[in-house]
Amino acid sequence: MDQWQLLLERFLRNECTDSENKIVFHALREGLIDDELRHVIELAMNDQEMAAYIDCMEPVSDNLLKNIRLRINQSEEEPVNRRLVIPEWLKIAAAVAITLTMSWMVFHRKAPDNPMPETAITTIRVPAGQTVNLTLSDGSNVWLNARSTLKYPGIFTGNRRELFLEGEGFFDVSENPEKPFVVHAAGYEIQALGTQFNVEAYESRYGFSASLLKGSIQISDTTNTYESIVLQPNTMARRQEGQLIAEDITDFDHYRWREGIICFDKMPFHVLMTTFEKCYGIKIVVENKNLNHYAPTGKFRKSDGIDYALRVLQRNFRFRFERDEEKHIIYIK
């Protein structure tokens, strides 16, 4: 493994020194890093956030410039300004880890002489087609589904462990009766002491649901009448006409998204397409009305991609699909 790969591994694990961080971001700013890595950075951060960080960078010293050249050049024959080619494993990790690293560095630069306060907030954004697993400071495990965003403190302070979710997440919570674990999502508070539960709270068109696999959780509506409901294991609550409705979980395969698998059992075609929309970040318009009666069963690996999934579905029911790349829409005819 060359020096660049080692440096980037350290960078993604938040182990770089300030000087090493400057090297990586100078390479990014000067176009020394290939377009694919820049692309995953843009997936993880919006343009305003990236520009804000780059604009606040201190000038890079001559010594650091020499260090950059030494790290980029693996031999005297290679030009100083060669572009860094990122291996595939790193592109996947970068989509999430760079958001974490850059959030830390922005905060650190604002107060370089002070230790980072315990209330510093980290934001993780998961690009389409990927899932992420992370461990929080209290030992709780979190899985995030594609196109999800989680905001949480580096260290939990106060009398509650609070997180903010947009999208879908699965939480395996470490027990601490004195400090409840609270997830804020889509106007609801999901509170647990020690439990395993799944929350789905994408944008409003996809609705809200919370499912309990172990322990106990209380769900409170903070936007209306503070209606609350307590779930027992193997039950779920979903929003229906503005109310929380509790029901038994009938299909546990749904939660295999943590393994990168999309499972469906006699799922109406239009519902499956909604799942694909959430997963792959693309709009799907079903124009073939005959598909209203099609309820397929099966499973796909998320990494197979939506084109592969649609081609497999075509084996059992006749339809064709077309992409509008400009509008980012798939039409099913």
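How much accessible surface does the chain have, and what share of that surface belongs to carbon and sulfur atoms? In this predicted model, the accessible surface of the chain comes to about 17500 Å², and 47% of that area belongs to carbon and sulfur atoms. Of the 333 residues of the chain, 45% count as buried, and the secondary structure comprises eight helices and 18 strands. Among contacts with a separation of 6 or more, 52% are made by residues 24 or more positions apart.

**Nonpolar cores**

In soluble globular proteins, nonpolar side chains tend to be buried together. The largest nonpolar core here has 32 residues, of which Phe171, Ile190, Phe197, Val199, Phe208 and Ile219 touch the most other members. Taking phenylalanine 197 as an example, and not counting residues up to four places away in sequence, its partners include Phe170, Phe171, Val173, Phe181, Val183, Ile190 and Ala192, and also Ser211, Leu212 and Ile217. A second, separate core of 23 residues includes Phe269, Cys279, Leu313 and Ile330.

**Helix H8**

Helix H8 spans residues 306-313, and within this helix Ile306, Ala309, Leu310, Val312 and Leu313 are buried. Seen down the axis of H8, the buried residues fall within an arc of 160 degrees, and they therefore line one face of the helix. An α-helix has 3.6 residues a turn, so residues three or four places apart point the same way. The buried residues of H8 pack against helix H7 (269-280) and against several strands, namely E14 (261-264), E15 (283-286), E16 (298-301), E17 (321-324) and E18 (329-332).

**Individual buried residues**

| Residue | Relative accessible area | State |
|---|---|---|
| Asparagine 145 | 8% | buried |
| Cysteine 263 | 11% | buried |
| Cysteine 279 | 6% | buried |

Asparagine 145 counts as buried because its relative accessible area of 8% is under the 20% cut-off. This residue lies in the loop between strand E3 (141-144) and strand E4 (149-153). Leaving aside neighbours within four places in sequence, asparagine 145 is in contact with Val126, Gln130, Thr131, Glu168, Tyr202, Trp257 and Lys302.

As for the cysteines, the structure holds zero disulfides. Cysteine 263 is buried at a relative accessible area of 11%, while cysteine 279, with 6% relative accessibility, is likewise buried and is one of the residues of the second core.

Definitions and conventions:
Residues numbered from 1 in each chain as written. Predicted model: local features only at pLDDT ≥ 70, side-chain atom pairs only at ≥ 80, totals over all residues. Heavy atoms only, no water. Helix = DSSP H or I, 4+ residues; strand = E, 2+ residues; numbered from the N terminus. Buried < 20%, exposed > 50% of the residue type's maximum accessible area, 1.4 Å probe, protein only. Contact = heavy atoms within 4.5 Å. Core = buried A, V, L, I, M, F, W, Y, C linked by side-chain atoms within 4.5 Å. Arc of directions from axis to C-beta. Disulfide = S-S within 2.5 Å. Areas by Shrake-Rupley, 256 points an atom, 1.4 Å probe, with all protein chains shown as cover.
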